[in-house]
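Open the model in your viewer and keep the selection panel at hand. Each stop below gives a selection and says what is there.

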Amino acid sequence: MKRLFPFFAFILLLATKQGIKAEEFYFPTEFGIEQVTEASPMAMPEVWSFNDCINWAIANNIDIRQSMLSILQAEENIGQAKDSYLPYVGFSTNQSFSNYPSPQENQNANSYNSSYNINANWTVWEGNARKYRVESAKLVKLQQQLYGDDVVKNLQIGILQAYLNILYSAEAVDIARKSLEVSTAQANRTKRLMETGRTSKVDYAQIESQKAQDEYNLVQAKSSYASSKVALKNLLNLGLDYDLNIEEVNFSDSLVNNPLPTKTQVFEIAMNWLPQFKSNELNKSIYDYNIKIAKSTYYPSISLTGGLGTGYNSGNTWGWGTQMKNFFNENIGLSLSVPIYDGNATRRAINIAKLQALEYDLTKTQLKNDLSQTIENLYIELDNSRAKYLSGLSQLEATSLSAELVDRQFELGLVNPLELLTAHNNLLNARLELLQSKFMAILSSKTIEYYATSKVSIP
């Protein structure tokens, strides 16, 4: 991991200039092409903790590698913008052969000519367009870095949901297994009662039917558990045959009612760190540079030119070497280009850039609306889950006592199998509903913590 996530001074300096600190990045800040194309050297743990999943995903997720590739491309764009400050130097030669069907006196019918030139051209000034392009390219790289941050954060939330879903499914399997153990014991007891004549075959058949239903429920619970593991494996880019085992986590009841900041506080905090908001702020500066680049064509441009040249003509009495020496020349010049009328091209470019700049306010408003809705929905889900969990505790206690009482009454022949099965199913549903509301509350609480702290953790 140290090889993958070093924080180099260049990124620190670049980020500081734009008002973004390097430590605010969650995405790798410096890497090479090998990190994009080669597999991670990390070893797979036998039992995966939540942090193991996060670290592995950051090192191996395809979306993150694509973001790395975009950052490398943005780095090349910065270099390309800087290279526009460099001069152009080129070599050219011309070789020609001429034939004169009716040559004049003292003129050769055939003539061979050649020229050799080294030319250089350097733009001294062009309205500061190059400067604005370099600064804009730097901002685009920072923006790509923030896009990578967004990928990492979304991946963390996805892993949180998948990890909690596995834990929930595992407990659901345990509940289904215990329910089957109870129904199996009831079926065995009913069978003995039937053999002694204390109950009918119909009653026994009803109890056996419940046992079969509980067996089916256990199969379904195991299937859901396997599917939840597949979902996490996909996020981690693990192979089809890999057997994923995650670390067991015990969530206390107090975690369900863990105190959290208010909606307004979470909203204000999230706006300050979410990558989408930071990226939009960079967009504002990029749009400003685009306007300046468009306006730069109003200004004149100054270029410095220079060159070396020589040539040869076969019609000359001098030899090749003498001509190359005598015809050798040096030149230097300064050119000034003043725009007068460009068919409204500059004016149109400025108008287009100004219209693009209007996207900043629209995007910011949309981001704020989306964040507000997301946080409000999270608090609604949390309140509902907490209320269901509290009522579920009372319901589970009541259904447990009722099931225990009905079970004893059935042994004494005081209730029929239908009442026994009803009590059994009520107890099963109460356990599952309590489990579901517990994990829904934990998921909502952890997601709210993510927006409030920019960190995701279990437990």
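Predicted model: local features only at pLDDT ≥ 70, side-chain atom pairs only at ≥ 80, totals over all residues.

The tour goes from the nonpolar core to one helix, then to salt bridges and aromatic pairs.

**Stop 1**

Select Ile159, Tyr163, Leu164, Leu232, Leu236, Phe251 and Leu371. These residues have the most contacts inside the largest nonpolar core, which counts 73 residues. At least two residues each come from α3 (50-60), α4 (62-83), α5 (129-195), α6 (201-236), α7 (253-256), α8 (263-273), α12 (359-411) and α13 (417-453). Which helix gives the most to this core? It is α13, with 16 residues.

Beyond its neighbours within four places in sequence, Leu232 is in contact with Cys53, Ile159, Ala162, Tyr163, Ile166, Leu244 and Ile246.

**Stop 2: helix α4**

Select α4. Its 22 residues reach 32 Å from first C-alpha to last, close to the 32 Å expected at 1.5 Å a residue. Zoom in on the start of the helix. Here a side-chain oxygen of Asn61 comes to within 2.9 Å of the backbone nitrogen of Asp63.

Next, show the buried side of the list: Ile64, Arg65, Ser67, Met68, Ile71, Ala74, Ile78 and Ala81 are the buried residues in α4. What do the buried residues of α4 pack against? Their partners are α2 (33-37), α3 and α5.

**Stop 3: salt bridges**

The whole structure has 9 salt bridges. Three are worth a selection.

- Select Lys141 and Glu75. Their side chains meet in a salt bridge, 2.4 Å from N to O. Lys141 lies in α5 and Glu75 in α4, so the pair ties together parts 66 residues apart in sequence. Lys141 is buried, at 6% relative accessible area. Glu75 is partly exposed, at 28%.
- Select Asp243 and Lys229. The closest N and O atoms of this salt bridge are 3.5 Å apart. Asp243 sits in the loop between α6 and α7, and Lys229 in helix α6, 14 residues apart. Is Asp243 buried or exposed? Asp243 is exposed, with a relative accessible area of 52%. Lys229 is buried, at 13%.
- Select Arg408 and Glu404. Their salt bridge has its closest N and O atoms 2.8 Å apart. Both residues lie in helix α12, 4 residues apart, about one turn of the helix. An α-helix has 3.6 residues a turn, so residues three or four places apart point the same way. Arg408 is exposed, at 51% relative accessible area. Glu404 counts as partly exposed, at 41%.

**Stop 4: aromatic pairs**

There are 11 aromatic pairs in the structure. Begin with Trp48 and Trp56. Their ring centres are 5.7 Å apart and their planes stand at 90°, so this pair is edge-to-face. Both Trp48 and Trp56 are buried. Trp48, Trp56 and Tyr242 form one aromatic cluster.

Finish with Tyr168 and Phe439. Why is this pair edge-to-face? The ring planes of Tyr168 and Phe439 are at 70°, with centres 5.9 Å apart, so the pair counts as edge-to-face; the cut-off is over 60 degrees. Tyr168 is in helix α5 and Phe439 in helix α13, 271 residues apart. Tyr168 is partly exposed, at 22% relative accessibility. Phe439 is buried, at 5%.

Methods:
Residues numbered from 1 in each chain as written. Heavy atoms only, no water. Core = buried A, V, L, I, M, F, W, Y, C linked by side-chain atoms within 4.5 Å. Buried < 20%, exposed > 50% of the residue type's maximum accessible area, 1.4 Å probe, protein only. Contact = heavy atoms within 4.5 Å. Expected span 1.5 Å × (residues − 1). Polar contact = N/O pair within 3.5 Å; in protein donor to acceptor, adjacent residues only side chain to side chain. Salt bridge = Lys/Arg side-chain N within 4 Å of Asp/Glu carboxyl O. Phe/Tyr/Trp six-rings, centres within 6.5 Å; stacked < 30°, edge-to-face > 60°.
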